[in-house]
Amino acid sequence: MVDTVTSAGMPAVFGASGYPAALEWIARRAEAFVIPLVALVVGMALFSLFIALVGKSPILLYETMWRGGFGSWFSVQNSLSRAAPLLLAALCVALPARLGLVVIGGEGAIVLGGVAAAAIGVALNGAPCPIVILAMGVAGMAAGGIWIGAVGALRHYRAVNETISSLLMAYIAIALMNQLVEGPLRDPASLNKPSTQPLAQIYRIGNIPGMDVHWGLVVGVVACILSFVLIEKTRWGFAARIAGGNVRAAQVQGLAVGPLIVGFTALAGGFAGLAGMLEVAAVQGSANASLAAGYGYTGILVAFLARHNPLAIIPVAFLLGGIDASGGLIQRRLDLPDATVLVLQGLIFIVILFSETFYGRFKAFNPDLWKRPDLLGGTA
Amino acid sequence: MDATEIGLWGVPLAILGGAIRVSTPFIFVSLGEAITERSGRINLGLEGTLVFGAMTAYAVAVMTNSPWIGLVAAAFAGLCFGLFHGWICKFPKVNDIAIGIALMLFGSGLAFFFGKPFIKPKAPNLPAIPFGRWSDIPQVQAALDVNVLFLIGAVLSVILWWAFRNTRAGLIVRVVGDSSDAARAMGLNPDTVRLLATGVGGALAGIGGAYLSLYYPGSWTERISSGQGLMAVALVIFARWNPLGCFAAALLFGGAGALGPALQSVGVTQGYYLFYAAPYILTLIIMIATSSPTRSLAGAPGELSITK
């Protein structure tokens, strides 16, 4: 499931096929776009079938989805707002995935990041605004980083399966948040919905000028770009990709796999913690149960759909943010349960994972085989 | 403070009763997962299967007024989920863990989608056998009300333990799980065996779900399962893929799960949420204690992706 992209960024100088190098260059990269897009379309088609089977109109559904998620400036802004935490939550899955780890507990890091940020924000009440926001960001990243970094450390030093442990840690994190928000950190004024004390208004993160979208979107996009640079252009990223391909080979090469795994998982958790901090500072204004809104789980889907490429996460997060945003409208206009969006996400997820089996199977994407069709299939 | 009559003795009693009550879904899911993992695949989607099974059982029981038909329907739904997982994972490069995560989301999504109209109506429950009738103390009677599914689960774990060692089918599953090449050399098709093993595992998880909605807690809500399906997967590793171990571990987890409500019933409210997290913390501690980076786990199927 981990793709090695060692040849990326280096246009083929000598075409083994004799075809123009540019054509080969396009063909080699087209696979990574065409297969996920086809899988997405197939997933949507299967979902249409499902909707038709329950007696509703798929056309009306997709029209509503378009209108609710992408059709107007208002809905686009709504989708972008939802994409902001998804970008960071998806990085929490994508970064460890490049090392061959399947971490699915980003929700826990989001929740704890939010609680830590809210606690710091309230404790530093009165300090200058940039310092407080910076401290909140650091606290959120630290909380999330420790949480997921621990998953990575357990994986490497104790061989504890990271998929299961991260999800268990997510449940523990939510319990911890409930305990803190109901107990020591509770604002006595929050009656129906236990919350921490609200942040002072000056410490709230506002909107990007000219848009109804908070700055978290910019933070998320920057984090994705930085992650891309880290993975593709630095020696740590290179080492991580080697370790992700074959741990033993990496160890034989003398790479410090342990620190690499802990570092990458901690950074991944830090991004998810940052998402929690942004939810508190830009949306909720305090930490409460709304932090566990499922962004961590949708982030898993985003990361897999983007094939763990941080740059691809940006459009995919927008797409899924839009699907998410249209959920309410679908519910009202088509009289369908709110879980409709979950069904669609699950279907797309399954089809995307299934599509993995088609990589390397098509001659069109592999110029090495254009003149040697006999090689096709022999490498799978 | 309804436990004043027997005071703090209510806590261990409630934990015992809770262990029996809470452990049943763990027993079925972990036995199912043990069969699947012994064949060399891991199905994390059992969490979704559990939720979908709970919804199916409840909906069918409401419509037919029979909990047993609901139970069969849940097992059938679980079988379908399991077969789907088994089928899709036979394709090269399709990752069984990732497909499990996807099925977890998909199963829950489908269950919430179709389960919406069934949140309100009341379904008939599965029967329990009152083993505590000899006692006059209501707490003892409550603790010893044992559901038939618990007994079936106990018997099933013994049968499976025996069958893995002594039957041809058990041997076939173990061979396929330990080495695909050896299985092929014996003329077995590993994909077919894994398909069936995952199907049976799904059916058992569906039964576990039926227990949730038809006995304890005994209603259908969207929060009916909070990771039980997933904890059961961890529990199988802890139990070393041994059905008897699965049964014992399920009881332990059930007891941990009953800790929060038991303490609450005697008036301990401090740290309420943390006690609710006890099963997760226990699972994590057990996983840390029983995993080792230097040696592979004793009894682990050789083809299993998580132990490689």
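Me: In which loop of chain B is B:Pro217 found?
Reply: This is a predicted model. As for its place, B:Pro217 sits in the loop between H9 and H10 of chain B.

Me: Is B:Trp241 buried, partly exposed or exposed?
Reply: B:Trp241 lies in the loop between H10 and helix H11 (243–265) of chain B. Its phi is positive, about 60°, although the residue is not a glycine. A residue needs 20 or more other C-beta atoms within 10 Å to count as buried. B:Trp241 has 25 of them, so the class is buried.

Me: And B:Lys93: buried, partly exposed or exposed?
Reply: B:Lys93 is placed in the loop between helix H3 (67–88) and H4 of chain B. This residue, too, is not a glycine, yet has a positive phi of about 70°. The class between 12 or fewer neighbours (exposed) and 20 or more (buried) is partly exposed. B:Lys93 has 15 C-beta neighbours inside 10 Å, so the answer is partly exposed.

Me: At what angle do the axes of H7(B) and H9(B) cross?
Reply: Two packed helices are described by the angle and the distance between their axes. Here the helices are H7 (residues 168–178) and H9 (residues 190–214) of chain B, and their axes come within 10 Å. The crossing is left-handed. The angle is roughly 115°.

Me: How many charged residues does the contact of H7(B) with H9(B) have?
Reply: H7(B) brings B:Ile172, B:Val173 and B:Val176, while H9(B) brings B:Pro190, B:Val193, B:Arg194 and B:Ala197. Arg counts as charged. By class there are six nonpolar residues, no polar ones, and a charged count of one.

Me: Which helix gives the most to the side of chain B that touches chain A?
Reply: The contact takes 39 residues from chain A and 40 from chain B. On the chain B side, the elements giving two or more residues are helices H4 (96–115), H10 (228–238), H12 (272–276) and H13 (278–290). By class, that side has 29 nonpolar, nine polar and two charged residues. The top contributor, with 12 residues, is H4(B).

Me: How far apart are the C-alpha atoms of A:Leu176 and A:Ala293?
Reply: A:Leu176 is in helix H6 (residues 162–182) of chain A. With 19 C-beta neighbours inside 10 Å, this residue counts as partly exposed. A:Ala293 is 117 residues away along the chain. The C-alpha separation is 16 Å.

Me: Over which residues of chain A does pLDDT stay under 50?
Reply: Chain A averages a pLDDT of 89, and 93% of the residues score at least 70. Where pLDDT is low, the predicted coordinates should not be read in detail. The model has 16 contacts beyond four places in sequence for the stretch in question, residues 1–12.

Notes: Residues are numbered from 1 along each chain as its sequence is written. Chains are lettered from A and ligands numbered from 1 in the order in which they are written. This is a predicted model: local features need pLDDT of at least 70, side-chain atom pairs count only at pLDDT 80 or more; totals for chains, interfaces and linings use all residues. Two residues are in contact if their C-beta atoms, placed from the backbone, lie within 7 Å. Helices (H or I, at least four residues) and strands (E, at least two) are DSSP runs, numbered from the N terminus. Axes are lines fitted to C-alpha atoms, for helices over the stretch in contact, and angles run from 0 to 180 degrees between N-to-C directions. A crossing is left-handed if the near helix is turned anticlockwise from the far one by less than a right angle, and right-handed if clockwise. pLDDT is the predictor's confidence in each residue, from 0 to 100.
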